Amino acid sequence: MWIGWNEFDILLGDVHSLKDKRSVVRPIIAEIRKQFQISVAEVEDVSLHRRVRLGVSTVSGDRFYLQETLNRVEGLVANRPEIELLASKLRIVQSTDF
């Protein structure tokens with residue numbers, strides 16, 4: 001079994017409150033869940049209104065499929081015009097590594 005996750009450090013555009021932040025972040029999370037059927041959540045920087053860290057994760061029996069899926073999620077996030085993707089940390093491990 002392969003386990004993969006990616007953490008995105010994102011700078012939000014014209015956002016001045018936590019309410020504005022939610023209005024930008026929620027559609028991104030919903031689109032990732034709908035399109036890829038994987039787990040996604042805001043994992044850090046919850047109280048900062050212009051920064052967000054999103055974490056996505058998934059498991060698969062096929063390493064290539066897992067990596068391709070996580071790369072496609074990164075592409076979706078990077079191409080959103082209302083945000084700037086500052087960094088992305090991709091990790092893939094096999095269950096026997098533990």
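Predicted model: local features only at pLDDT ≥ 70, side-chain atom pairs only at ≥ 80, totals over all residues.
Strand E3 spans residues 51-60. Strand E1, residues 2-12, runs antiparallel to E3, and 10 bridges join the two. Phenylalanine 8 has leucine 54 in E3 as its bridge partner.

Strand E2 covers residues 39-44. E2 is also antiparallel to E3, with 5 bridges between them. Here valine 40 stands opposite valine 56. E2 and E3 form a hairpin, with 6 residues between the strands. Aspartate 45 lies in that turn and has a positive phi of about 55 degrees.

## Burial of E3

Of the 10 residues of E3, 7 are buried, so the strand is largely enclosed by the rest of the structure.

## Salt bridges of arginine 53

The whole structure holds 7 salt bridges. One of them pairs arginine 53 with glutamate 7, with 3.4 Å between the closest N and O atoms. Glutamate 7 sits in E1 and arginine 53 in E3, so this contact links distant parts of the chain, 46 residues apart.

Arginine 53 also forms a salt bridge with aspartate 9, at 3.7 Å between the closest N and O atoms. Aspartate 9 lies in E1, so this pair ties together parts that are 44 residues apart in sequence. Both aspartate 9 and arginine 53 are buried.

A further salt bridge joins arginine 53 to glutamate 44, the closest N and O atoms being 3.6 Å apart. Glutamate 44 is partly exposed, with a relative accessible area of 39%.

## The network

Shared partners join these salt bridges into one network. Its members are Glu7, Asp9, Glu44, Arg51 and Arg53.

Technical notes
Residues numbered from 1 in each chain as written. Heavy atoms only, no water. Salt bridge = Lys/Arg side-chain N within 4 Å of Asp/Glu carboxyl O. Helix = DSSP H or I, 4+ residues; strand = E, 2+ residues; numbered from the N terminus. Buried < 20%, exposed > 50% of the residue type's maximum accessible area, 1.4 Å probe, protein only. Pairing = 2+ DSSP bridges.
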